[in-house]
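Visitor: Hi, I'm new here. Could you walk me through this one?
Guide: Happy to, let's bring it up.

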Amino acid sequence: MAAENTDVIPLLTPYKMGEFALSHRIVLAPLTRDRSYNNVPQPHAAVYYSQRATKGGLLITEATGVSDTAQGLPDTPGIWTKEHVEAWKPIVDAVHQKGGVFFVQLWHVGRVSNNDYQPGGRAPLSSTDKGLTPDLYGLNWSPPRQLATDEIRGIVNDFRLAARNAIEAGFDGVEIHGASGYIIEQFMKDQVNNRTDKYGGSLENRCRFALEVAEAVIDEIGAERVGMRLSPYSDINEARDSDPDGLGLYMANALSKLDHTST
């Protein structure tokens, strides 16, 4: 009798992710698709995501805007209106019918935008009034407007309400997009953030916005349903930090203390 093959493929072994029992460790990463017309997810997305769903497998949606100021690319989905929520429901149902675990990635691009994507043609919002290099990636960037201190709580609330909408749409949880040079990194990284208020200067101050977003979302839907994507070593969208080791460790430690749930 041939010897039984006892080789174990680590990627195919189960993993306990908080309250979620994943059957394997292969995750569908967020992949921008630009096919959500007028920011409304379309029915064909149900086919796309369900084709990639497996029983006990984790999927994360494409980056999904938390408000009408969050957009920076054409036809990306949103989750800030009732119409968005209703459009997501059959997509989420299709994934759940295959036994998948489905998280939505919550996104605000900040300065990585231009006036065409902003309500009323206004300036994109950011931690700073420093814009991206003109023609970076061959695209047209509009100068951003630095958020006033008392406006920041409104952006935090946009993430909180988007998380509530995600649960209403049937998602199992959310991933906060804190990477790739978007608004959260525009606060965190010292080569972008030039603020002099409580959201600028020291590492603790620069990370304040990210942690306020995380706390607000956790308070809304529970820590077991929340993760945050970080990229301290990346310089995409001209978001660099002089001490990525220190930034990454600080954020990892601070997030792990939120209800003792590591994100």
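Guide: First, a term: on a 1 Å grid over the protein atoms alone, a cavity is a set of points where a 1.4 Å probe fits but cannot get out, and a pocket is an open set with protein on both sides within 12 Å along at least five of seven lines; lining residues have an atom within 4 Å of a point. Grid points are joined across faces, edges and corners, and a volume is the space filled by probe spheres set on the points. This is a predicted model, where local features need pLDDT of at least 70 and side-chain atom pairs count only at pLDDT 80 or more, while totals for chains, interfaces and linings use all residues. Residues are numbered from 1 along each chain as its sequence is written, and side-chain values use heavy atoms, with hydrogens and water left out.

Visitor: What volume does the largest cavity have?

Guide: About 30 Å³.

Visitor: Which residues line the largest cavity?
Guide: Glu-185, Met-188, Leu-230, Ser-231, Pro-232, Leu-247, Gly-248 and Met-251. Helix H4 (183-188) and helix H7 (244-256) each give two or more residues to that lining, and H7 gives the most, with 3 residues. Helices (H or I, at least four residues) and strands (E, at least two) are DSSP runs, numbered from the N terminus.

Visitor: Switching topic, how much space lies in the second largest pocket?
Guide: About 290 Å³. It has 19 lining residues, and the closest to its centre are Thr-32, Leu-73, Trp-107, Tyr-182 and Asn-237.

Visitor: How many helices and strands does the chain have?
Guide: There are 7 helices and 9 strands. An open sheet of 5 strands runs in the order E3-E4-E5-E8-E9, with parallel pairing; two strands pair if DSSP finds at least two bridges between them.

Visitor: Which strands stand at the edges?
Guide: Strand E3 (27-28) and strand E9 (226-230); each has a single partner strand, so one side of each is left without a neighbour in the sheet. Strand E8 (residues 173-178) pairs with E9 in the parallel sense over 5 bridges, and His-177 is opposite Arg-229 in E9.

Visitor: And what does the C-alpha trace span along its principal axes?
Guide: About 70 × 40 × 35 Å.
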